[in-house]
Amino acid sequence: MPNCNTTCPYCGVGCGVTAQLAGGQVSGVLGDGDHPANAGRLCVKGTALAETLGDEGRLLHPVLAGHRVSWQAAIAALGSKLQEARERHGPDAIAFYLSGQLLTEDYYVANKLMKGFLGSGNVDTNSRLCMSSAVAAHKRAFGEDVVPCTYADVEDCDLLVMVGSNAAWTHPVVYQRIEAAKQANPGKRIVVIDPRRTASCDLADLHLQLLPGTDAFLFAGLLRHLANNGALDRAFIDAHTSGLDAALDAAGNLDAAGVAQVTGLDAQEVATFYDWFTATERTVSMFSQGVKQSATGTDKCNAVINCHLATGRIGRPGMGPFSITGQPNAMGGREVGGLSNQLAAHMDYDPADVDRVARFWGATDMAAGPGLKAVDLFQAAADGHIKFLWIMATNPAVSLPDSALVRRALARCEFVVVSDCTAQTDTAAFADLLLPAAPWGEKDGTVTNSERVISRQRQLVPALGEARPDWLIVTQVARALGLGEHFDYRGPEAIFREHAALSAFENNGSRAFDIGALAQLDDAQYAALAPVRWPLPASGPAIEPFCDGRFFTADGRARIVAVQPQAPAPGEGMTINTGRFRDQWHTMTRTGRVPRLSQHRDFFSISLNPSDAAQLGLAEGDLVEVGNAQGVVRGLATLDPGIARGQSFVPIHWSGQFTAAGGASNLIPAITDPYSGQPQSKFAHASIAPCAVASWGLLFSREPLVMELAYWSRIAVSGGYLTLLADTAAPATVYAQLARELGADCERAGYEDSVGGDWREVGRRGDTLHYALFLNRSRDALPERGWMTGLGSETPAAGEWHQLLAGFSAERESAGKLVCSCWEVGETQIARAIEAGADSVETLGAALRCGTQCGSCIPELRQLLDQAREDCAA
Amino acid sequence: MRRKLVIVGAGMAAAYVLQELAQLEHDLDVTVIGDETEACYNRVLLSNVLAGENSEADLAMLEPAMLEPAMPETDSPETDSPGTVQFVTGTRVSAIDTDARTARCADGSEHPFDALVFATGAGVARPGVDCSGIIGVEVFRTLRDARELRALPARGRRALVVGAGLLGLEAAHGLNELGFDTRVLHRNPVIMNRQLDTEGGAQLQRDLEARGIHFDLGVQIAGVAADDNGRLCGVTLDNGERLPADLLLFATGITPNIELAAQAGIATARGIRVDERLRTSAPGVYALGECSQFGEHCFGLVAPIREQAAVLAAQLAGVQHPPFCLQDYPTQLKISGVEIYRAGELDDAAEQLVLRGNGVYRRLVLRDNRLVGAVLVGDKRGGTWYSELISGGGEIGALRAGLIFGRDVSEALAAA
């Protein structure tokens, strides 16, 4: 079988991948050397894609009210419930909540159905959570949501400012390109602006570890500094912008010292950054969730963009403000109009736009105006105003702020439909109707990445079970509603052509988003479509946006937006920050299945500064509870000197499927940006306290288990799962509770030391170990994790099963904490290689292969090398 | 001038004394007198012979040459030459005159002695029910018993063993292997209750049941029934139940053979009283093994008897040796392939470490951070180490986490 090129479904970098097919299966995934985003590179998540396929945990059949039903019955039920809610309560009582994981074609038909034929603007998407502040800022500044940069600019610039971005972990391939560019051009400077010292600081010439939420002061101060030092591009400002004076007024007299005071930075550091920015023409400011997920995210984005407009550093190679998106098709969703305040194809609810789109679609019931944004949408559901909600490809019970509110909303809404590829998610638990959606590799369509490149995602294997692509489900519902003639597509190619045609419809250069050149693709051309960057008008040259100084406002001028910087409201306790880990994706529904992706960071943990930990009496690995008025999370304390004092970092990936109380959103109040509606997901106040733990446990099991305990956290391991657990009850009590759930039909062997608080049990079915449970008062007394991880393939001789209860095997030596996920190289191995003389990332790579594939562990390898040097010197 | 030593009884105790003497310089010419035809065989393995798992040749405890008929009696002038050993088998000593220092045998022969050792062993305790003269009521104590039992037709016939101690279970295993439909009756609800605890007994019982042996526990025999030909046909239990049987074997404990000593005016209680040098109340007369009683203690297992033999041999040879003292002798057995080990005290009120499952039961008892008892069924690895820990009395400390898995695991975990 030939290889097949497609696109990675994870982050917004949108890397091309080559799937190796063998025997009707995807046997491996490599970077596509011809794709402009990655040119063959791939991160560890992408490399492990083949391991996320298969039927483990998959939703394979429609399920109505807990019972498997036929597709016909499912579509009929959906149609009648939708119709009923709409007729009885009006179009505003129905809503779709979509996702940046959907393909453009899926997005397009869902958006068209709701906004053109059901009369409601209530289509929003989880992209609201990750980049809507960038959309709002782009529209305020440029008149249209246009990203003016490409990855090549990030390479070509002489100064790269990374604002609220830990690209080393969240956009690893872009980070690798930066790293390579810096190696090739040692004069290239990198400034990282982040309240945490992250892996991305590894490359930084300057890390500005500012107070959370104070970025706008830094950039307002920079604008003032540029003005005061004659660094403004007056010609560009006069010809192509408006609003500078008001923006400078708003910035006031912020100088480096004033900025230092409010941001908590050293004035000299601020001055250095300002000097570098002032002096460097080719500057790219790459900004991401760190500034967008804020109550003032739109202003922060504009504060960054302002500095580029005021210096004319936009629309030319190697410069510009560059918003990097989180999801694989957040951009495609924006192009389609999948946000509730958009209509379609970069047109909003301007009456002329509504009329134009209605004519194009032949709409029978156009939405009259914008619908509800995500947080408001779920608030409305909680208040009883939304009666029918269809959620596609996203897990709002975990990802939206104020999880308690979201759960109330899902519980109250009369009919909740969830289309997903995963059977058990925190959101699916609330569904009245579950629809099996075809995931990556089983469906066909297009996605757009952060640099406006449209790429094909191609079907590699047949859909499992009864799974169907989302576009097909939506059009079948449209047919059930009597709208078949408007949704009569033979396949995604027909939808894409219509989408392209709409982008060009009565455009004439008025909208940057124009892919009219693709409206005439025949099926074969669509099938073979190579990655292309928009704009792609049907006629005339395809020019990079803003290279001619023309913007998409009514007067063609960009706006320098007056930004009044605001610090977050003060509050009690620690400041909570949230974010991603290197090897996980979103709520782990796919990456959580891959053993090697759970080794870099394993059990749900909360990071804090070692001095704060000492003050709280916390040691590494102790159980902590973080709580506020919204809710609580419980995790293991990770002591990280990269976290500033008074702050704490909670990773976003953990749902109720993987840990007891882990959703970072439990702590996040539903505070949103006034322009974008994007929630302030990276900022909350909460108290943090040690949890008294009477029992610790490690459980290897063949099946995933959800337990009623103060803490448990599960990872996939070879042949099963490994769960770390802790509780306030004594081991005997925890054992009694777990013994009921474990081991039906198992032959058991157990060990108990009730006075010592030491309980162990193994259960086997025939020659196969089914589970192994170790409980102890002390975590240190539990078996080594590496030993537990190998239990999936453990088959003792018949008389030796009880020896497993020793929780120990002299033969196996642990590789230590996994550093390189690609080649599965652990700390112990690396330490040994360093002892044996490896003294650089390259020599380590030569010896162990670590860091030689995706490269995302290189910062850690450097750290280990530095540590070893310090230890040597000490 | 060489001295004459007479050992009365040619069982395992006698064999151990001979083994020990062979290691020492002495001036003793030894005469061993036994009433069985075979002398000094390993009685512990008899049940294996019954089961067909060992041959009779496997029972030998002494060099074959040692057992050959005695050389013509010649007084050897040199006292440093090795002493002779003469076996007189198939006859019983009928009387001992401690003043005249002679032992008279049933066959009329007389054996003068300078020193005499009682190694008369023990007999099967007499059942509390009248079954005299009934054909099919057997005992299992000697090689001859084993031969006779092996000669019986077994298939389709029902054997009842009374007593689920070591001897009863071993006999039951043997009979079961021979093809008898075998059932064990026991007064206590727990088998081997002297050595094991309730759970250990239950584990062993499960193992034996898996091999086809049946159990009736917490019952006693009330009566034995025979047919008109005087042949056994069944028993009645104290709960009224009747069990048919073709063979009835009593293994309800042992009784020390003390009559001969008592007749000779030597102090006896349950057994022949000995001191820490194995001396009886008569000068130059000693006793060891199952027939002896030290303080309140009688003996049934091999380990203390070996220790007695060492003390006694030294005493006889005039060599320095620490006196005999009671130790906690661990019980190490193998019943029907199931390993059993027991040491120390099984104090239910102390701290317990328990491993169960996979056909294994292991329990360690700790008090004040010290190991005081151990019972192991199905896997007795680490037993010797536990004995050392129990008698050494050292603190367990970090060894605790892996203690029940034996020395290697325990020490490795403690070091980690």
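Reader: How many salt bridges does the rule find across the interface of chain A and chain B?

Author: The rule finds three across that interface; a salt bridge here is a side-chain nitrogen of Lys or Arg within 4 Å of a carboxyl oxygen of Asp or Glu. This is a predicted model, in which local features need pLDDT of at least 70 and side-chain atom pairs count only at pLDDT 80 or more, while totals for chains, interfaces and linings use all residues. Residues are numbered from 1 along each chain as its sequence is written, chains are lettered from A and ligands numbered from 1 in the order in which they are written, and side-chain values use heavy atoms, with hydrogens and water left out.

Reader: Which residue of chain B meets D753(A) in a salt bridge?

Author: R400(B) does, with N to O at 2.6 Å. D753(A) also has a bridge partner in strand 24 of chain B, namely L353(B).

Reader: In which sense do strand 30 of chain A and strand 24 of chain B pair?

Author: They pair in the antiparallel sense, over five bridges. Strands (E, at least two residues) and helices (H or I, at least four) are DSSP runs numbered from the N terminus, and two strands pair if DSSP finds at least two bridges between them.

Reader: How many residues of each chain are in contact?

Author: Contact, meaning heavy atoms within 4.5 Å, involves 21 residues of chain A and 18 residues of chain B. The two chains bury about 1600 Å² between them, 50% of it on carbon and sulfur atoms. Buried area is the accessible area (1.4 Å probe) that two parts lose on being put together, summed over both.

Reader: Which residues in chain A lose the most area to chain B?

Author: They are Y751(A), H802(A) and F808(A), which together account for 34% of what that side buries.

Reader: Turning to one chain, where does N449(A) lie?

Author: N449(A) lies in the loop between strand 17 (445-448) and strand 18 (453-457) of chain A.

Reader: Does N449(A) count as buried or exposed, and why?

Author: N449(A) counts as buried because its relative accessibility is 2%. Buried means under 20% relative accessible area, exposed over 50%, and partly exposed in between (1.4 Å probe, protein chains only).

Reader: Which backbone nitrogens does the side chain of N449(A) reach?

Author: The side chain of N449(A) reaches that of E451(A) at 3.0 Å and that of V453(A) at 2.9 Å. Leaving aside neighbours within four places in sequence, N449(A) is in contact with residues including G12(A), H35(A) and M331(A).

Reader: Back to charges: how many salt bridges are there over all chains?

Author: The count comes to 67. One of these is formed by R177(A) and E155(A), whose closest N and O atoms are 2.8 Å apart. R177(A) lies in helix 7 and E155(A) in helix 5 of chain A, so the pair ties together parts that are 22 residues apart in sequence. R177(A) counts as buried at 9% relative accessibility, whereas E155(A), at 25%, counts as partly exposed.

Reader: What links D353(A), R356(A) and E506(A)?

Author: They belong to a network of salt bridges that also includes D355(A) and R359(A). Within it, the side chains of R356(A) and D353(A) meet at 2.7 Å, N to O. Both residues lie in helix 16 (residues 351-361) of chain A, three residues apart, about one turn of the helix, and both are buried.

Technical notes. Polar contact = N/O pair within 3.5 Å; in protein donor to acceptor, adjacent residues only side chain to side chain.
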